[in-house]
Amino acid sequence: MNPRLARLLGSIGLDLLRSLAIAAGIVVFTFFVIRMIPGDVVDLRGIEGSLTYSQQTAMREELGLNKGWLEQFWLWLGMILSGDLGTSARYSTPIADLLATVIPSTLALGTAALSIGLVLGIGLPTLACLYPRSIFVALVEFITIWSITIPTFSIGILCVIVFAVWLGWIPAIGNFTVPALILGLDIAGTLAKMLHEDMTDIQTADFIRTARAKGLNRAQIVLRHILPNALTTVVALIGLILASVLTGALTMEVVFGLPGLGTRSRPSRGAITRSSRQSSSGSALRWSWRISSRTWSRNSLTRD
Amino acid sequence: MTQAPILWVNNLSVTILARSETVKAVENATFAVKPGHTLALVGESGSGKTMTAMSLVGLAPAGTQVRTSGTAKFMGRDLLALSEKELRGVRGRQIGIIFQDPSASLNPLMTVGSQILEALGPGFSRRSGRERVEMLLEEVGLAGIAGIFRRYPHELSGGQQQRVAIAMALAGDPKLVIADEPTTALDMTVQAQILDLLHRVGESRQMAMLLITHDLGIVADMADDVLVMRKGQPVEQGPTAEVLSRPQADYTRDLLACRPRIDLDRPRSAEPEQATPARQSILSVRELTVTYSGRGVFAPAFTAVDQVSFDVPRRGTIGLVGESGSGKSTIAKALVGLVRISSGSILFDGSPLPDPARMTRTQRAKLQYIFQDSYGALNPRLTVEQAIGEAYAISGDPRRDRRGKVLALLDEVGLSANHLERYPSELSGGQRQRVTIARALALSPKVLICDEIVSALDVSVQAQVLSLLKKIQAERDLSIIFISHDLAVVSEICESVIVLNAGRIVEQGAVDDIFRHPSQPYTQGLLMAGRELEAKLPEFTSPAMA
């Protein structure tokens, strides 16, 4: 292994560690913040009227909510580290099992959307650069404006109304293709805009003139010289996009009634439910994922 | 024996079609290049020399539309009449092209080997292509570098990068090479090596060369024939020796006359020693060390300036010379707090400056910095008045009489009220550098740091800016730290000089002593490289100068 590779791996490792540390920090922070909010899951049940006071006390004891915050934290940390995420108070099943059933479908939606986004978001500007006086330039403009102006959830609801309710082409609940397309287009717009601008810029670079001086044809110049240099920005963007894909997938799950993280962890009964353990650890983990992936992409932006 | 020219350009005119107007970039250029011969196109910026050569191969600057007229016969075909597709077959195969800035003209994300491989064109297997590239690397003197094939451009020095560019231009076995200022971006000593290489490959391959340059020394060294251009029009042409020793056109004479030379017999403009009663130093630098921490966590720290001590005399001019990477700019930046000092001390006017990065505003005003790239140093969205006025605004000067002060400064640097409302893009390079000088003078500094301020300018403009600097120095009692790689310029303006190499002082003393009797081999090498080209110029004295 040469020293350059070692240095590269070293700094990647360091970035990963930093991201992990940030994620851990967020989880710890949310744990205590949630404890500061008055009320807990037992109070909620009490308000609903399904538990007597003595039952509430018994439940607190069972869940360990009567102990001090620090003690609770150590217990909780021990559970997390041993892979035990606790039991959902609502579904009465271990949260780990719940997640295991819904995460694959969320990931499938996210991956499909990401693939559509990458193919369109990289393919269209490349074609627009290859054929500068073609329909592709207009297409790049179109999906850019599309993704900026049209929020995914509103177009999602519109699609359900039009395609499912009026036309009856897709089922109103559980369709996979349309949400994947909507999310994919959203990602493609951001990517296509960045890439198109970058590719246009790079066309005027000195080394492109050198490539022309070598007698290369347009396709060789675009694919070997312009595209790889423009992709450096996209690589930096990928971190941000990963985060938005995941949150976007959650929204789409709710709109299209797909089983997934979005439909399972979304609290439906006001702010106080957030103090339930199940949703809090779910969203804390989600947020820590978002933020650490953002730091990750920022770091990779600044490194070179 | 009369050889038929390989390239015969007749009445070439190039018009740039801009959105609002058309500009005649080249008018009626006629010239011919014989096989194995070198023709130099010489002129200052804007003379159309690059446009002339690039329009032949359809490589106008990106984003510009050009219209050409005339004929350019190359190996039986008219280049100007070829389609883009046909030209593509000519470029790289029959005509190779070398550009000015090697660091920008190589793709940063592609290895050296694959960039040269690409230039070979079709018809090579992986094996034979690789062998051919190895041969080319050998030919341009890069074969000795371990793993050169798989290196990226940023892992090479400027000279090595230019050798790669030359290998790329040679890859298709061209009959003609167009070299556009191939050594302008390089150090003196490297320049000599690259010119030598070009000369050698030209000779061994019996290749014709179209050399574009502003440097008459290079013309004398390399070219068989020369075409002098000015504002798009050919001024004079003929065999090099004849044109340079007996120039017919006034413009050629001017070009020859204002070329800076290492001339030690010239009377120094600086005042004689006894004229200054207390010639103590205004700035004393003691054991200055600057280290840059390496990029990334595991990269080692790099010492850019190592234990450097020197004094800047009051009202004196001291030159910092050395090749790129010698630490001369880093020293200057450390003085004004643009980089942090690792150790050492700086005395200004007898009292120690704190860490320059924590200097007060008044202390900062005493030391002003002028940068090489005047275009980059001026905010493109500020007019000349705003750019100069900003210095006053920062110092809290009242707004009322600001315009008057700006005008006085403009007058001092040889600009007028006409320039107040202009933006940097509407000024020439020389005018822009005058604006940055005016801006530096706004706060009445005691010390002016000039970092390669004339190296991007044409020689005639260079001479004007240098004389402006001398005038200002005399009027304002300024001390100047003058950084340059060009020994001729240093010999013209400085009294004493510090020679730097790899962050250390190699030698320091009076310009006369150092340049006449350099004691260190490094200084001798620098001087040799500077004089080598000059020596090739035939002796010429302008009637106006004599």
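To how many Å² does the accessible surface of chain A come, and what percentage of it belongs to carbon and sulfur atoms?

Analyst: The model is a predicted one, and every value below is computed from it. The accessible surface of chain A comes to about 16,100 Å², and carbon and sulfur atoms account for 69% of that area. Chain A has 304 residues, of which 39% count as buried; a residue is called buried here when its relative accessible area is under 20%.

Chain A holds 12 helices and 0 strands, so that, read from the N terminus, its elements run α-α-α-α-α-α-α-α-α-α-α-α.

Helix α5 (residues 95–130) of chain A and helix α8 (residues 177–202) of chain A have axes that come within 7 Å and cross at roughly 35 degrees. The crossing of α5(A) and α8(A) is right-handed. Sorted by class, the residues of this contact are 22 nonpolar and 5 polar, with no charged residues.

Helix α16 (residues 429–441) of chain B packs on helix α17 (residues 459–476) of chain B at an angle of about 15 degrees, the axes lying 10 Å apart. Because angles under 35 degrees count as roughly parallel, α16(B) is roughly parallel to α17(B). The crossing of α16(B) and α17(B) is right-handed. From α16(B), the contact draws on B:G430, B:R434, B:I437 and B:L441. From α17(B), the contributing residues are B:V461, B:Q464, B:V465, B:L468, B:L469, B:I472 and B:R476. By class, the contact of α16(B) with α17(B) has 7 nonpolar, 2 polar and 2 charged residues. As background, an α-helix has 3.6 residues a turn, so residues three or four places apart point the same way.

Helix α16 of chain B also meets another neighbour. The buried residues of helix α14 (residues 384–394) of chain B pack against α15 (402–412) and α16 of chain B. Those buried residues of α14(B) are B:V384, B:E385, B:A387, B:I388, B:G389, B:A391 and B:Y392. After α14(B) comes B:G396, with a positive phi near 80 degrees.

Methods: Residues numbered from 1 in each chain as written. Chains lettered and ligands numbered in written order. Predicted model: local features only at pLDDT ≥ 70, side-chain atom pairs only at ≥ 80, totals over all residues. Heavy atoms only, no water. Axes fitted to C-alpha atoms, helices over the stretch in contact; angles between N-to-C directions. Helix = DSSP H or I, 4+ residues; strand = E, 2+ residues; numbered from the N terminus. Parallel < 35°, antiparallel > 145°, perpendicular 65-115°, else oblique. Left-handed = near helix turned anticlockwise from the far one by under 90°. Contact = heavy atoms within 4.5 Å. Nonpolar A, V, L, I, M, F, W, Y, C, P; charged D, E, K, R; others polar. Buried < 20%, exposed > 50% of the residue type's maximum accessible area, 1.4 Å probe, protein only. Areas by Shrake-Rupley, 256 points an atom, 1.4 Å probe, with all protein chains shown as cover.
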